[in-house]
Amino acid sequence: MMSIGRRVGFADMTAMSEIDEIGINQNLNVRYNSDIIYTYTGSILLAVNPYKTINIFNKQTISEYHMCKLGDLSPHVFAVAEAAYTSIVDDNINQACVISGESGAGKTESTKFILQYLCTITSNVSSWVQQQILEANTILEAFGNAKTTRNDNSSRFGKFMQVCFDDNNCIKGCVILDYLLEQSRITFQSVGERNYHIMYQLVAQGQKNIGIAKSFHLRPPEFYKYLNTSNSEKINMNIESKKFDAVTMAFTVLQIPQFVIDGVFKVLSSILWLGNIEFIDVDGEVTDFSRSDQEAISIISNLLGLSRCDFKKVLLIRQINVRGNITEIPLKIKEALENRHALAKALYSKTFTWLVSKINNCTNPGQDDAKFLGVLDIFGFENFSHNSFEQLCINYTNEKLHKFFNHYVFALEQSIYEHEGIHFNHVEFTDNTPCLELLEKPPRCVFKLLTEQCHMPKGSDSAFLSNMHTEFESHLNYIKGSDRRHWKTEFGIKHYAGLVIYAVGGFVEKNRDVQQDVMFEYMSCSKDVFIKDLSKYQDIQFINSSYPRGSSKSKCTVSDNFRHQLQSLIDVLQNTKPWYVRCIKPNLQKRPNNYNSSLVLDQLKYLGVVDIIRIRREGFPIHFSHEDFEVKYKCLIKNKSFEHPQKYLTNILEKSGMPPTEWQIGKTKIFLRNAAYELLETNRKDKIYKNAVIIQKIWKRYYCQKSFLRNKQAVLRIQHAYRGWRLKIRFMRMRRSAIVIQSRLRGVFAREVAAALKEMKRVDEELKKSDGIYEQLTSINTKTLADCER
């Protein structure tokens, strides 16, 4: 392999020398074309974000990687997608592409490339379903992505897209699972960040289309407070409007009716108007609306098809369940503002849930046992200047995936070596088990303490933080804060990717995720059909709950629900063959052609790439059971003897010309390095090719002989039929000629007889005429004689 330092033109040679020291340059294949870097080892691809628009998705590139084995061409995301698809076809095993990396490393783009590649190579059948899958990603990106300080198109939710295949290995459909939408972004954005893309796209379209602006009561973006919580940059109306057209086209491709599309945009407009409602404090205990709120209330009620009285009641009064009786309590000014935010979050979250459900209804293959290739695009590790509950859940997700990765690549591999009695050099890797135990291991962990505060009537962030300080003070992965001055407002956790300081403010409230029961109850009686349908999409935990409305135990907390979802995802991944795409950020400034060596090296270390290369170089990554190895490679030797299996396996390996350092035989498995495996595969394919040629030759001879005999019989039958037909035609011609001759001769004879008869008749008439004259003369003479005699 060529050194990575020589292939990367703009790389800092200092970092490359550090990478060379740990041996990466000897085990990585690298591709660089001045736009993007791809490199992989085994089934793990490294992709470096170029931070500029490039076009790698074209027919020529796809045709190069289609039907090509992993490693034959330069590293590419298409190569991983092709290898995963080929594994489904050949091994009939479910696959999973796990795309991971920091926020802004390019995970979303890698996901789109994989989906587009799969849809292109199977485009001969069900092209409409494939187009629906791609357009579904367009909708999810508009509703679930936003600009952050580190990424202009950051996924603020996780998704696992199961692309399902039929028996002909063509795309049958797709099932999408979503995880933890960041609801707080609806009501608040940090400096330099924005709300979800669809909000700006809708407002921009309203500025260009007066009809849409009137239908959804849209105003300029500067008017909405939910779009101006931070000093964000100016919106490009033309670009956002074009993206809005793409979203509406995606809705059309998914066959969503126009009245439903309008209903979705009405909800979004209502959310924007909610942010402009301002309350006034009456006497410290009661809240009322200001004069400017009346317009917003009227518009929101009109958009959602609700009565003004019902909507005002939702904003000003909360309901509490006291022993089965519903008690209404007026909201204070602070509570009313929080209730307004909670209502906006609930509406957006409910709309997003409905969208995912609708997309699944359109693209679901309808087969529970269908083969699938899952593409996991989930939040990357985040460490901002202000980290809250969402960042804790996101980083917890990355801890779980990192643990799964460690178990799959390192722990499981080395435990197999020990069980099989294989001699190997033990590889030390970063084990994040203590951090995960701090977060999730019962009975006392961070999430359990947080849930306890949520179930308490007067649970607070300060009590939660105090309990953690007391419980985990001596834990190696827990610190009380950046310094003593902030111990009462923050805590820190040492993740596998580094230390993250979390501001505890809002943790308990965000984890409760209070349901807007009354609002959804009123929405179920809305005049708008879509709004009425939207109210039915409640959380599963809330629907199945047996607790009465208003109870603090009416549902699982957000963290509990998320942990259950995440564990189910890990269970699915454990039953698949995983492929990894590790996305790398070259710099923090999002600039092209700018390579920060220390940043990349840190990512390579905590993503486990360095340890992967060590274990692949020093270990034996290819495993076969004795039976599978015999079945697969017994064709390489002529004398097959199964009396001594160990000796028989050794003969196969030695006859292939491999040095003993490249393989080892365990108790039940054979362990190979890549060089040995590639040599065995090459020899096996050559043998299969030669035997296939012989089989083809014999089969072609047999086929040609059978074809010749079949053709000969057919020719004889044709000749027999033809000769009979020809003789029959000849006979019919001769018969027809004889009949003609006979008819002509008979005509001649008939004419001669007719002439003779005519002549005889003439003669007879002449005779009769002569006899008449004679008789007349005789009678005259007799009369004359009589007269004379008289």
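**View 1. Phe 223 counts as partly exposed because its relative accessibility is 31%.** Buried here means under 20% relative accessible area, exposed over 50%, and partly exposed in between (1.4 Å probe, protein chains only). The model is predicted: local features need pLDDT of at least 70, side-chain atom pairs count only at pLDDT 80 or more, and totals for chains, interfaces and linings use all residues. Residues are numbered from 1 along each chain as its sequence is written, and side-chain values use heavy atoms, with hydrogens and water left out. Tyr 224 has a relative accessible area of 0%, so it is buried. Rings of Phe, Tyr and Trp (its six-membered ring) pair if their centres lie within 6.5 Å; planes under 30 degrees apart count as stacked, over 60 as edge-to-face and the rest as tilted. The structure has 33 aromatic pairs by this rule. Phe 223 and Tyr 224 are edge-to-face, because their ring centres are 5.4 Å apart and their planes stand at 80°.

**View 2. Arg 219 lies over the face of Phe 223.** The distance to the ring centre is 5.2 Å. A charge sits over a ring if NZ of Lys or CZ of Arg is within 6 Å of the ring centre and within 35 degrees of the ring normal. Arg 194 lies over the face of Tyr 200, 4.1 Å from the ring centre.

**View 3. Seven-ring close-up: Phe 389, Phe 464, Phe 472, Tyr 478, Phe 491, Tyr 502 and Phe 507 form one aromatic cluster.** Phe 464 is also among the members of a nonpolar core of 52 residues, together with Tyr 179, Val 409 and Phe 410.

**View 4. Phe 265 is one of the residues that touch the most other members of the largest nonpolar core.** Such a core is a set of buried Ala, Val, Leu, Ile, Met, Phe, Trp, Tyr and Cys residues joined through side-chain atoms within 4.5 Å. It holds 108 residues. Phe 143, Ile 198, Leu 274, Ile 277, Phe 311 and Tyr 348 are also in that most-touching group. Helix H14 (residues 333–363) supplies the largest share of this core, 11 residues. Helices (H or I, at least four residues) and strands (E, at least two) are DSSP runs, numbered from the N terminus. Contact means heavy atoms within 4.5 Å. Beyond its neighbours within four places in sequence, Phe 265 contacts Ile 198, Leu 202, Phe 216, Phe 244, Thr 248 and Phe 251.

**View 5. Arg 444 forms salt bridges with Glu 452 and with Glu 471.** A salt bridge is a side-chain nitrogen of Lys or Arg within 4 Å of a carboxyl oxygen of Asp or Glu. The closest N and O atoms are 2.9 Å apart for Glu 452. For Glu 471 the N to O distance is 3.6 Å. The Glu 471 pair links distant parts of the chain, 27 residues apart. Glu 471 belongs to helix H18 (residues 461–471), and Arg 444 to the loop between helix H16 (433–440) and helix H17 (446–455). Arg 444 is partly exposed at 35% relative accessibility, as is Glu 452 at 29%.

**View 6. Glu 182 and Arg 185 form a salt bridge, and both are buried.** Their closest N and O atoms are 3.1 Å apart. The whole structure has 29 salt bridges.

**View 7. Strand E3 (residues 44–48) is mostly covered.** Five of its five residues are buried. Ile 44, Leu 46 and Val 48 point one way, Leu 45 and Ala 47 the other. Strands pair if DSSP finds at least two bridges between them. Five bridges join E3 to strand E17 (residues 577–584), and the two run parallel. Ala 47 has Cys 583 as its bridge partner in E17.
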